[in-house]
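Let's take a walk through a protein model together. Keep the sequence and the 3D view handy as you read.

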Amino acid sequence: MNSAALPEQLVESELFGRERGAFTGADRLRKGAFETAAGGTLLLDEVGELPLSAQAKLLRVLEDRQVMRLGGSRAIAITARVVAATNRDLEQEVAERRFRQDLYYRLNVHTLRVPPLRDRLSDIPVLVDHLVRSIASQLRVRPKTISPDVLALLARYGWQKNNVRELRNFVERMMIASDAPIIDVSDVPPEIHGEDRDDSSDSTTEPGTLKALKAQAERQIVLAALDKHDWQVTRTAEALGLADHSSLLKIMRRHGLSRGTHRES
């Protein structure tokens with residue numbers, strides 16, 4: 001259930017259901033999302049977009065483990081597991097009084113944090129393969145092959161805007177633009193061509209600027225961590241809090257770091 005797509009006046013009806021005649025236009029009984037997901041899982045996507053009034057009602061349902069349809073008089077037990085997803089910082093939303101603190105703690109039982117795409121570049125080939133098949137099915141065309149050079153360009157792109165949705169947009173554009181069964185570099189959108197993963201690698205950066213100082217600090221931090229962990233890339237990536245070893249390898253290539261690199265004084 002995409003919470004962001006629910007009109008405020010229909011949130012209760014969509015989540016909790018309604019009896020016939022509950023309001024004007026309700027000409028038949030309708031089960032809500034909680035009932036429909038009975039015995040399974042209800043994913044409340046973009047839960048941070050729910051209005052405060054709906055948050056209060058959602059909290060009551062989660063606490064009581066039962067729901068009552070609009071216009072109804074009988075409580076219905078909930079047997080669905082509830083998973084909530086959001087791209088917002090809910091702690092910040094609570095601090096700014098846009099999200100109920102009690103609902104936040106009720107939902108925050110077990111948290112899975114999905115790193116941004118730029119921190120898990122090794123996922124790109126798998127994601128692209130999935131997106132190609134999904135988009136081909138949607139467009140009713142045969143899936144196309146993405147060349148290794150294209151995957152390499154996608155791995156160098158910054159992914160600062162919209163993560164996987166942005167990747168999907170690029171893949172769909174390439175599939176539409178190309179008549180060939182193999183998508184190669186000539187089909188890649190101009191935004192991706194030649195862009196490095198981080199502006200700090202720009203050789204035109206003038207010494208002493210914030211950008212240059214940040215790049216220098218990053219290089220020294222990574223070099224020190226590599227030394228500390230005897231240049232074990234996986235262990236170093238974990239110590240630095242990176243998603244995987246490929247993210248560290250990208251940073252090392254950007255700064256020209258290799259086992260023989262000498263620390264600068």
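## Before we start

This is a predicted model, where local features need pLDDT of at least 70, side-chain atom pairs count only at pLDDT 80 or more, and totals for chains, interfaces and linings use all residues. Residues are numbered from 1 along each chain as its sequence is written, and side-chain values use heavy atoms, with hydrogens and water left out.

The protein has an average pLDDT (the predictor's confidence in each residue, from 0 to 100) of 85, and 92% of the residues reach at least 70. A contact here means heavy atoms within 4.5 Å.

## Two nonpolar cores

In soluble globular proteins, nonpolar side chains tend to be buried together. A nonpolar core is a set of buried Ala, Val, Leu, Ile, Met, Phe, Trp, Tyr and Cys residues joined through side-chain atoms within 4.5 Å. Buried means under 20% relative accessible area, exposed means over 50%, and partly exposed is in between (1.4 Å probe, protein chains only).

The largest core holds 25 residues, and Leu15, Phe34 and Leu58 have the most contacts inside it. Two or more residues come from each of α1 (11-16), α2 (33-36), β3 (41-44), α3 (52-64), α4 (90-95) and α5 (101-107). The top contributor to this core is α3, with 5 residues. Leaving out residues up to four places away in sequence, Leu58 touches Phe16, Phe34, Leu44, Val47, Leu50 and Leu103. Apart from that core lies another, of 23 residues, including Ile135, Leu153, Leu154 and Val188.

Why is α11 (residues 245-255) described as largely enclosed by the rest of the structure? Because 8 of its 11 residues are buried. Leu248, Ile251 and Met252 are among them. The cover over the buried residues of α11 includes α7 (148-156), α9 (210-228) and α10 (233-239).

Over in α7, the buried residues are Val150, Leu153, Leu154 and Ala155. They pack against α6 (124-139), β7 (145-146), α8, β8 (182-183) and α11. Take Val150: its relative accessibility is 0%, so it counts as buried. Setting aside neighbours within four places in sequence, Val150 is in contact with Met174, Ile183, Asp184, Val185 and Val188.

## The largest pocket

On a 1 Å grid over the protein atoms alone, a pocket is an open set of points where a 1.4 Å probe fits, with protein on both sides within 12 Å along at least five of seven lines; lining residues have an atom within 4 Å of a point. The largest pocket is lined by 35 residues, and Ala84, Ala85, Thr86, Asn87 and Leu112 lie nearest its centre. β6 gives the largest share of the lining, 4 residues.

## Two loop residues

Which residue sits in the loop between α6 and β7? That's Arg140. Its phi is positive, near 60°, though it is a residue other than glycine. At 79% relative accessibility, Arg140 counts as exposed.

Trp231, in the loop between α9 and α10, also isn't a glycine, yet has a positive phi of about 60°. Its relative accessibility is 12%, so Trp231 counts as buried.
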